[in-house]
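Please read them beside the structure.

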Amino acid sequence: MSTPAISKTGTADTREKILDAAELLLIEHGFAATSLRAIAAKAEVNLAATHYHFGSKNGLLAAVFHRRIQPLNELRLEALEKLEKSGSPLTVRSILESFFLPFQNPDVISTIPALVGRLHGEPESISKPILEEEFLEVAGRFQEALMKVLPHVDRTDLHWRFHFMIGSMIQILRIQSPMGIDSTPESFSRGIERLVDFCIAGLEQADLGKQHD
């Protein structure tokens with residue numbers, strides 16, 4: 001008796017079920033405490049399916065993150081390209097607004113804060129390769145745009161300033177309002193606006209001649 005062929009739709013559904021289950025468990029328990037067996041059980045698939053689709057737990061974590069970050073990065077790059085083709089002069093504010101634009105879309109960031117927070121709690125050996133895979137190209141595009149409007153800033157200094165900006169972004173994704181202020185969609189939206197102002201000040205800071213090792 002021949003084995004029935006697995007349809008592409010069925011394969012895609014299985015893959016999505018595994019990703020959904022992995023996302024929930026990884027956010028709740030972290031990478032080390034989440035096994036492929038637990039993910040397979042949550043997804044109601046056999047363990048072999050997780051290996052077939054993702055190869056390893058690291059591969060599955062990367063796929064979980066990619067599924068959420070890719071739409072965000074696409075929106076960022078589309079906004080930057082539109083800005084560059086508009087004919088209007090580039091400014092630090094307009095570039096940063098393109099970078100942070102996706103955070104005003106609730107559908108895009110529905111699970112990103114928890115996912116990003118969890119990933120940044122993992123050891124660098126796990127988190128950094130995924131972050132570089134997802135963000136390195138996008139970060140490079142935005143840094144090149146910033147270099148055009150910040151010619152007085154040394155390239156290495158700009159890389160560091162951009163790095164600090166990302167750290168501030170991660171903080172507001174993890175804890176969406178300061179202590180003593182309730183976290184609401186409105187406070188998060190206003191927080192992003194304040195973050196843009198904060199980052200502009202840091203990025204535009206003149207080089208005061210301080211020597212860095």
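1. How many residue pairs are in polar contact across the interface of domain 1 and domain 2? The rule finds seven, with both residues at pLDDT 80 or more. A polar contact is a pair of N or O atoms within 3.5 Å; within protein, one must be able to donate a hydrogen and the other to accept it, and residues adjacent in sequence count only if both atoms are side-chain atoms.

2. The model is predicted: local features need pLDDT of at least 70, side-chain atom pairs count only at pLDDT 80 or more, and totals for chains, interfaces and linings use all residues. Residues are numbered from 1 along each chain as its sequence is written, and side-chain values use heavy atoms, with hydrogens and water left out.

3. Domain 1 covers 10-55 and domain 2 covers 66-204, with bounds from an automatic or database domain assignment. Their centres, taken over C-alpha atoms, are 29 Å apart.

4. Contact (heavy atoms within 4.5 Å) involves 11 residues of domain 1 and eight residues of domain 2. The buried area between the domains is about 760 Å², 52% of it from carbon and sulfur atoms; this is the accessible area (1.4 Å probe) that two parts lose on being put together, summed over both.

5. The rule also finds four salt bridges across this interface, a salt bridge being a side-chain nitrogen of Lys or Arg within 4 Å of a carboxyl oxygen of Asp or Glu. Glu23 forms a salt bridge with Arg68, with the closest N and O atoms 2.7 Å apart.

6. Phe100 and Phe103 are both buried, that is, under 20% relative accessible area (1.4 Å probe, protein chains only).

Notes. Buried means under 20% relative accessible area, exposed over 50%, partly exposed in between (1.4 Å probe, protein chains only).
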